[in-house]
Amino acid sequence: MRYLWIVGAVAVAVAAVLLVVRQRGRHSLLVPTLIGSIGAFLLVAGWLFAVDPGAPKHEAIKTGGLAGGAVVALYALWLNDRRRRTDEDRQAIEVRRQQLEDQRAEHDRSRVADERFARSVELLGHEAEQVRVGAMHALAGLARSREEYRQTVLDVLCAYLRRPFATTDAGDAPRDERELEVRLTAQRLVADLLPRDDEPDARRYDLDLTRAYLEYFDISHRQVGDLTVRAAHLAESNSFHHVVVRGGAWFTDSVSEGRLYLHDTTFHGKAWFSRFTCRDRADFARTRFLGPNKFAGTRFTAPVGFADAVFARPVDVTGARFLGGVDLRAAGSQVAATIGMHVALDHENALPDGWVVERRPDGTGLVRS
């Protein structure tokens, strides 16, 4: 019995050697663990017998068994940790594989969307108006399903509205009613793609309608970023009422042949109406001009009203001509300049207190503030 600890030590040493060999060879460690457990049992039990021969044998055996069991328990813990790490590695591989699949699928969707976009843009030049209408609806559908395309689609639709359009008063070219229907479709889709005015934290989309022909254009109750309507031709009636313009708005050099509805609109940035011409009624009631504004050189030949409008900055009406009657009482003292401003004396004009109208030989009145 006294030599048990020697046998146990030899068994532990053999187990250690086998452990190293097995670890390098990536084989199972069960055999070295069993040998080590037996060696630990013999080593501890033999050592106890050698140190205290009179000690109870069952206590020495119990202690040796605990030592051998501890080796097995350590192996079980190691095995469990290895299994856990294997599962984690497998999960990480699965996540990377799924990410790769998602990227591949997104790439395929982007490729299909690009092809769909290119094909639709190409069809906008088709001779048949129904094909052009279908292409516009395809672009709008793409913009709704792929948010990154929305501004681009809006730019394309606005570019279509900038194409030359023959009207009855444009010379010898007849009015193309079928082309007008296509343009009306483009206008409706532009409005549909813009966020509602009461939608919180909506993305900003810009509209560039420079030199566009607009007829019954209606983006009421919508939000836009920058609104550019320079040198545009507005026929019949057009509605920009209850629009929230987050950026700047430019109506410079545009002509409105019909009614213009701009009431209850909010301009957060610039509101530039320089050299704007309106030949029918224009309504700016309750509109808020929160940034710089300019009406220099404007010409209104029909009634125009600014009832209850709000001007956060001084109003520049230098050279403006209001020949159909005007209500500018909302401007109050917020006037930068009235040099060269004229009003028609044969119409009712509501001007701020203190403004003086001097009759001119041509029947108009020169306004001095």
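Reader: Why are H4 and H6 called roughly parallel to each other?

Author: This is a predicted model. In it, helix H4 (residues 129–145) and helix H6 (residues 177–193) pack at an angle of about 5°. Angles under 35 degrees count as roughly parallel. H4 and H6 are therefore roughly parallel to each other. Their axes lie 9 Å apart.

Reader: Which residues make the contact of H4 with H6?

Author: H4 brings Glu129, Arg132, Val133, Met136, His137, Ala140, Ala143 and Arg144. They meet Arg178, Glu179, Val182, Thr185, Ala186, Leu189, Asp192 and Leu193 in H6. By class, the contact has eight nonpolar, two polar and six charged residues.

Reader: What makes H4 roughly parallel or antiparallel to H5?

Author: The angle decides. H4 and helix H5 (residues 150–161) pack at about 155°, with axes 8 Å apart. The cut-off for roughly antiparallel is over 145 degrees. H4 is therefore roughly antiparallel to H5. The crossing of H4 with H5 is left-handed.

Reader: What residues form that contact, and how do they divide by class?

Author: From H4 come Arg132, Met136, Leu139, Ala140, Ala143 and Arg144. From H5 come Arg150, Val153, Val156, Leu157 and Tyr160. Eight of these residues are nonpolar, three are charged and no polar residue takes part.

Reader: How do you know whether H5 and H6 are roughly parallel or antiparallel?

Author: Use the same test. H5 and H6 pack at an angle of about 150°. The roughly antiparallel class holds angles over 145. H5 and H6 are therefore roughly antiparallel to each other. Their axes are 10 Å apart, and their crossing is left-handed.

Reader: Which residues of H5 and H6 meet?

Author: On H5, Arg150, Val153, Leu154, Leu157, Tyr160 and Leu161. On H6, Glu179, Val182, Arg183, Ala186, Gln187, Leu189, Val190 and Leu193. The contact of H5 with H6 divides into 10 nonpolar, one polar and three charged residues.

Reader: Now the strands. What makes E25 and E26 a pair?

Author: Strand E25 (residues 356–359) and strand E26 (residues 364–368) share four bridges. Pairing needs at least two bridges. E25 and E26 therefore count as paired. The sense is antiparallel. Arg359 stands opposite Gly365 in E26.

Reader: How many residues lie between the strands of the hairpin, and which one takes a positive phi?

Author: The hairpin of E25 and E26 has four residues between the strands. Gly363 takes the positive phi, near 90°.

Methods
Residues are numbered from 1 along each chain as its sequence is written. This is a predicted model: local features need pLDDT of at least 70, side-chain atom pairs count only at pLDDT 80 or more; totals for chains, interfaces and linings use all residues. Side-chain values use heavy atoms; hydrogens and water are left out. Axes are lines fitted to C-alpha atoms, for helices over the stretch in contact, and angles run from 0 to 180 degrees between N-to-C directions. Helices (H or I, at least four residues) and strands (E, at least two) are DSSP runs, numbered from the N terminus. Angles under 35 degrees count as roughly parallel, over 145 as roughly antiparallel, 65 to 115 as roughly perpendicular and the rest as oblique. Contact means heavy atoms within 4.5 Å. Ala, Val, Leu, Ile, Met, Phe, Trp, Tyr, Cys and Pro count as nonpolar, Asp, Glu, Lys and Arg as charged, and the others, Gly among them, as polar. A crossing is left-handed if the near helix is turned anticlockwise from the far one by less than a right angle, and right-handed if clockwise.
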